[in-house]
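Subject: Structure handover and notes

Dear colleague,

I am passing on the structure we spoke about, and my notes follow below it. Please keep the structure open beside the text as you read.

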Amino acid sequence: MEVVRVLLLSCYRRQSFSLKWRNRQYMEGIITPLTSGLGDMEANPWIRADAGPPPAMMSPSQGSVAPQHHESPETGSPATPLMPTPSEKLAHAGRVVRTVILAKVPQMVRDRKYHLRTYRRCMVGSEMVDWLMDQSALVHTRMQAVGMWQALLEEGVISHVCQEHQFKDKYLFYRFRDDDTGMGSMPSTAEKKECEEELQDTLVMLSQIGPDAMMRMILRKLPHERSVDELEIIYEELLHIKALTHLSNTVKRELASVLKFESHARAGTILFNQGDEGTSWYIILKGSVNVVIYGKGVVCTLHEGDDFGKLALVNDAPRAASIVLREDNCQFLRVDKDDFNRILRDVEANTVRLKEHGQDVLVLEKIPANNHIDSDEHTHFRYSVMAGTPEKMLEHLLETRVDSRWNDEPTVTADTFMEDFLLTHSVFMPCNQLCPALMAYYHAEVRTGPDQELVDYALANKKRVLHMVQQWSRIVGDAFIESKTIKAFLEELCLAVSEDCQTWPELKEDLAALEKLMSSMPEPDGDLPVFLSLTPSSILVPTIGWRDNSNGDAKPVSTLRKVRSRASISGTLRRLPKELSEEKQTRRRRIKPSDENIFKVYFADHTYSTLRLAISASAEETVQSTAEKLCLGEDLVLCEVKSTGERVVLKESDVSVTTGLSLNGRLFIAPREHLDSLTPLPEQEGPKQSTCATIELMSSREMAYQMTLYDWELFNCVHENELIYHIFGRHKFGKITSNLDLLLRRFNEVQFWVVTEMCLTPQVGKRVQLLRKFIKIAAYCKEYQNLNAFFAIIMGLGNIAVSRLSQTWERLPNKFKRMFAEFESFMDPSRNHRVYRLAMSKLQPPIIPFIPLLMKDMTFTHEGNKTYYDGLVNFEKMHMISSTIRTIRQCGSEPFNFDPPPVVKNIQEVRNYVRSLNVIDNQRTLTQLSHKLEPRRS
């Protein structure tokens, strides 16, 4: 009987449970619970663990419920959080945003009905985007706002009511975590006031991490769900990943369509073990891992941008080592084996190799002419050069990119091969090799065949060379018409064309164009410099001017350069006619290798000798000249002594040594065994007093305008070849980079100027005024699109000697604090300065770009890619370098035409001041001054 009673009681309980469960399911159809996902199971034990979520909410425009995709655990849906609980920083940001919304627009958070269901205390995605854009000028686009909300969603601070959508700018419902778990409450008055004060800082923080969140959201989607725009975003990200620099752009586009996202929360997680089958190739997106080999332990550590696991896929072999996560929250990009092998097969199938004598001489890649690998319109293809010998690439260029019937109309198959070749040829085929090769092609003939075909072939070759020379002149500009080697080549070519005109009258038009080109080349006597006695305190060499022509202006070296030179001071000329003559006399000219400069070389006792040598003089020539002048002994070395006391011995092959010095650096000469006796000069310490009083009398806008004019002159003096010489090593080319040196020096000068003035101002009130002044100058520089000076000023204010001045920053008005926070977000270096690059892409020239970042890009390309592979030039590397050069060209493609500020009395004083800044460049000295101003609090 006891057994029967137990069975009956058990049956009754099951019936009671079934009744309750049916009633609860019925109620769920009317009112959704506040909890969802894991929160449902914790809050109510009656919910079945295997019960699926309610149907996804869709936009009204979609009209039907979309099917739910089930992702693998490794990939994860972009609608689910990356971690079980939010980080402290994001949780606080969520509380601030929620509190401000409830305080100002409480109607945003309310119960909403959709398809016979009521969703408790939720918000609409599109309304959330609208609200965010209204709160700060920092949020420029709706896409940016989506990224900021997604940053909160991926850590679980907000969530979709059904856990089925990432954040979207649509009619979808989202809740804050506090409301989702039932822990939310109405904030108090004190909490509202506090959060309103913190809102702007919170938005700045979210704007910084928003782009990364958007990228992760895209990567967490299944590959087939990514849109064309999203694939382009991934592709742009791959361009800056160190492990992929050696891959062609086509392969990177293929990878963008198959990459998967994988994340692991805990350090110590084993990604795979030594001996396992290789199934995936990994690229570290965030975090670091240890590489462990049995019997040896940790053999190395890999960091962001590194890759691992590829060898096992290539060789179809077991894993050679174990990979263990070194820190929490590591994130990876993953390429699975099937996708990896398919891409390899596609690359090999689309690769064409031309051989001579059994050796590869040219490697081409077949790609769609429209550059979209997923397009259905593959009717047109073109062949991109991946590698080759210099001679074979030149032949391919002449025969495929130069039409013997040349005209200005672009062809369907036009690409950047010719421009890239001519911009970078100095790396693999300098002028003394390229010019003879062109002459050989010009005279090339076919010995067999019908007579008319022989004539046509020879004429086509000659026209191709002549048309390429014209293109060369147009693309390269100043470096073309100033080269002695090219001038000798043109004279020889002109003579040959003159003789051939008797046989081929069709060449007369080309001969006229060639003679016109030669007439534009400067005469040797016209390039002699005139030396000025002005010596800026920040540099050792004097300002160099060039002899004017009879009309009072320097002879322009090209039409484009002529326009830029005149435009660079157009604003000043319009409003200062009285200072026109002074402006023209002191206007900067581009430094050339043959120019001479007067500079000092110091000795151990701080005496000096004045030398007059060409800019291109090497360190060895400088030592020889000094030794001959003063009858010194042997074994002398040229050394730069910095203000810090650091000594840098210059190599004998180093050229343009005077312009390559640090801000307060000086050249010393001494026997090698006496280098330790060299000490800095007293003047290298820099100024002793601040010029705060002078700066206060100057208009912030006027200072920014005059700084931009000066920086624009420096920027326009830089030729693209100098970038290549600087990255590959100017001593390898025997070429100068003086104009680039001065532009890079200017960035450091402005940066240390800001720090110097702040650290030399003793009164805290004056420092606050100066801090406000610098922030305003930075804002005006940004308005004038002088991003180089803008970055220099903000980085100066971010220097530890300034940023630690807490008493000064505390007194700064909130308006300026918000401005500075916005500027810092613009400089955010994450994801390879993504915020800056996105902003740059929307600007129109004229622009003075952030030069150190461009140099970093070129250095990254150079060091991450070999110049030669198996004796062939790696032309993919030349494509990437040329891309950076085109960015610089685009920035300077329009004249400086910003309206000048209102006329002030001290314009000339402002102009002179910003062009001769006096700074302390010793970081230790600046830090000591900072601690004297505001000692460290105990």
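Helices here are DSSP runs of H or I with at least four residues, strands are runs of E with at least two, and both are numbered from the N terminus. The model is a predicted one, in which local features need pLDDT of at least 70 and side-chain atom pairs count only at pLDDT 80 or more, while totals for chains, interfaces and linings use all residues. Residues are numbered from 1 along each chain as its sequence is written, and side-chain values use heavy atoms, with hydrogens and water left out.

The axes of helix α3 (residues 88–104) and α5 come within 10 Å and cross at roughly 120°; axes are lines fitted to C-alpha atoms, for helices over the stretch in contact, and angles run from 0 to 180 degrees between N-to-C directions. That angle makes α3 oblique to α5, given that angles under 35 degrees count as roughly parallel, over 145 as roughly antiparallel, 65 to 115 as roughly perpendicular and the rest as oblique. On the α3 side the contact (heavy atoms within 4.5 Å) involves Leu90, Ala93, Gly94, Val97 and Ile101, which meet Trp149, Ala151 and Leu152 in α5. By class, the contact of α3 with α5 has seven nonpolar residues, one polar and no charged ones, where Ala, Val, Leu, Ile, Met, Phe, Trp, Tyr, Cys and Pro count as nonpolar, Asp, Glu, Lys and Arg as charged, and the others, Gly among them, as polar.

Next comes a sheet. Four strands form an open sheet in the order β1-β2-β4-β3, with antiparallel pairing; two strands pair if DSSP finds at least two bridges between them. Strands β1 (110–114) and β3 (158–160) stand at the edges with a single partner strand each, so one side of each is left without a neighbour in the sheet. Neighbouring strands of this sheet are turned by 50° against each other on average, direction ignored. Within the sheet, β2 (residues 117–124) and β4 (residues 173–176) pair in the antiparallel sense over two bridges, and Met123 stands opposite Tyr174 in β4. Helix α4 (residues 125–135) lies across β1, β2, β3 and β4 and runs at about 20° to β2. Helix α5 (residues 142–153) also packs on the sheet, where it touches β3 and β4, and its direction makes about 95° with that of β3.

The side chains of Arg142 and Asp130 meet in a salt bridge with an N to O distance of 2.7 Å, a salt bridge being a side-chain nitrogen of Lys or Arg within 4 Å of a carboxyl oxygen of Asp or Glu. This pair links helix α5, which holds Arg142, with helix α4, which holds Asp130, the two residues being 12 residues apart. A search of the whole structure finds 42 salt bridges.

Two further helix pairs follow. The axes of α8 (residues 228–238) and α9 (residues 249–256) come within 9 Å and cross at roughly 130°, and α8 and α9 are therefore oblique to each other. Their crossing is right-handed, and the residues of the contact of α8 with α9 divide into six nonpolar, one polar and three charged. The axes of α25 (residues 720–728) and α27 (residues 738–759) come within 8 Å and cross at roughly 80°, and these two helices are therefore roughly perpendicular to each other. Their contact is made by Glu722, Leu723 and His726 of α25 and by Ser738, Asn739, Leu740, Asp741 and Leu744 of α27.

Finally, there are some backbone details to look at. Strands β13 (residues 351–356) and β14 (residues 359–368) pair in the antiparallel sense over six bridges, and in their hairpin, which has two residues between the strands, His357 takes a positive phi near 55°. Cys631 has a positive phi of about 55° although it is not a glycine, and its place is in the loop between α22 (619–630) and β20 (636–641). A cis peptide bond, with omega about 10°, joins Pro845 and Pro846, and Pro846 lies in the loop between α33 (830–842) and α34 (851–864).

Terms used:
A crossing is left-handed if the near helix is turned anticlockwise from the far one by less than a right angle, and right-handed if clockwise.
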